[in-house]
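We will go stop by stop.

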Amino acid sequence: MGIKINSMLSELLTQRHTKEQLLAILNEHPEWTEELIDLAVSGRHPEGWRAAWLLGFVADKYRLQQRVGELIATLPDKSDGYQRELLKRIQELTLNEEQEGELFDYAVQIWESIGKIPSVRSMAMNLMLAIIQKYPELKEELTYLLEEEYLSTLSPGIRKGLEKRVGQLLMKNEE
């Protein structure tokens, strides 16, 4: 069962437009928001990635919140940049305990994939740290996730920022 996408929306997302142009058109067509979410979870290339990116600018959180399970479930089969955009959208939502567990598992998989681009790995680690902050018993997971093999492919800036966030989390949990 494929999703039926408005051909005008599909065409819009496959053509070159500035962010401002896209937002202006989408603001004229708020009825396209559900289709934008459908595209974001669909994996269609290149519309899906662009839809996930645009959702950060046009979608109300209520609509995304209703589809958070789908957003999480689609993470494994997406490309690096696509995963990063979906993780950004998920980060803005409220998750239940089961969704947090599923997201944590996917984030660990992304983090452990050292061939992935550093920005998606960093975003995955940020989400893991947020979940660990809520569930301190997961802190033990950090020991092996912060081994040199996982850090060596990061840029010095990303690595330093990550080390700072981890240090703050560990200090906060010790208080």
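Are α1 and α4 roughly parallel or roughly perpendicular to each other? Keep that in mind at the first stop. This is a predicted model.

**Stop one: α1 and α4**

Select residues 7–14 for helix α1, then residues 47–58 for helix α4. Their axes lie 9 Å apart, and the packing angle is about 90 degrees. Angles of 65 to 115 degrees count as roughly perpendicular. α1 and α4 are therefore roughly perpendicular to each other.

Now show the side chains at the contact. From α1, pick Ser-10, Leu-12, Leu-13 and Thr-14. From α4, pick Glu-47, Arg-50, Ala-51 and Leu-54. Colour the contact of α1 with α4 by class: four residues are nonpolar, two are polar and two are charged.

**Stop two: α2 and α4**

On the α2 side, select Lys-19, Leu-22, Leu-23, Leu-26 and Asn-27. On the α4 side, select Arg-50, Trp-53, Leu-54, Phe-57 and Val-58. The contact of α2 with α4 has seven nonpolar residues, one polar residue and two charged residues.

**Stop three: α7 and α9**

Move along the chain. Select α7 (80–91) and α9 (118–134). Their axes come within 9 Å and cross at roughly 25 degrees. Angles under 35 degrees count as roughly parallel. α7 and α9 are therefore roughly parallel to each other. The crossing is left-handed.

Show Asp-80, Gln-83, Arg-84, Leu-87, Lys-88 and Gln-91 in α7. They meet Ser-119, Val-120, Met-123, Ala-124 and Leu-127 in α9. By class, the contact of α7 with α9 has five nonpolar, three polar and three charged residues.

**Stop four: the largest pocket**

Select the lining: Ile-90, Gln-91, Leu-93, Leu-95, Glu-100, Leu-103, Leu-127, Ala-130, Ile-131 and Lys-134. Seven of the lining residues are nonpolar, one is polar and two are charged. The space in the largest pocket is about 180 Å³.

Finish on Gln-91 and Leu-127. Both line the largest pocket. Gln-91 also belongs to the α7 side of the contact with α9, and Leu-127 to the α9 side.

Notes. Residues numbered from 1 in each chain as written. Predicted model: local features only at pLDDT ≥ 70, side-chain atom pairs only at ≥ 80, totals over all residues. Heavy atoms only, no water. 1 Å grid on protein atoms, 1.4 Å probe; cavity = no way out; pocket = protein on both sides within 12 Å on 5 of 7 lines; lining within 4 Å. Points joined across faces, edges and corners; volume = space filled by probe spheres on them. Helix = DSSP H or I, 4+ residues; strand = E, 2+ residues; numbered from the N terminus. Nonpolar A, V, L, I, M, F, W, Y, C, P; charged D, E, K, R; others polar. Axes fitted to C-alpha atoms, helices over the stretch in contact; angles between N-to-C directions. Parallel < 35°, antiparallel > 145°, perpendicular 65-115°, else oblique. Left-handed = near helix turned anticlockwise from the far one by under 90°. Contact = heavy atoms within 4.5 Å.
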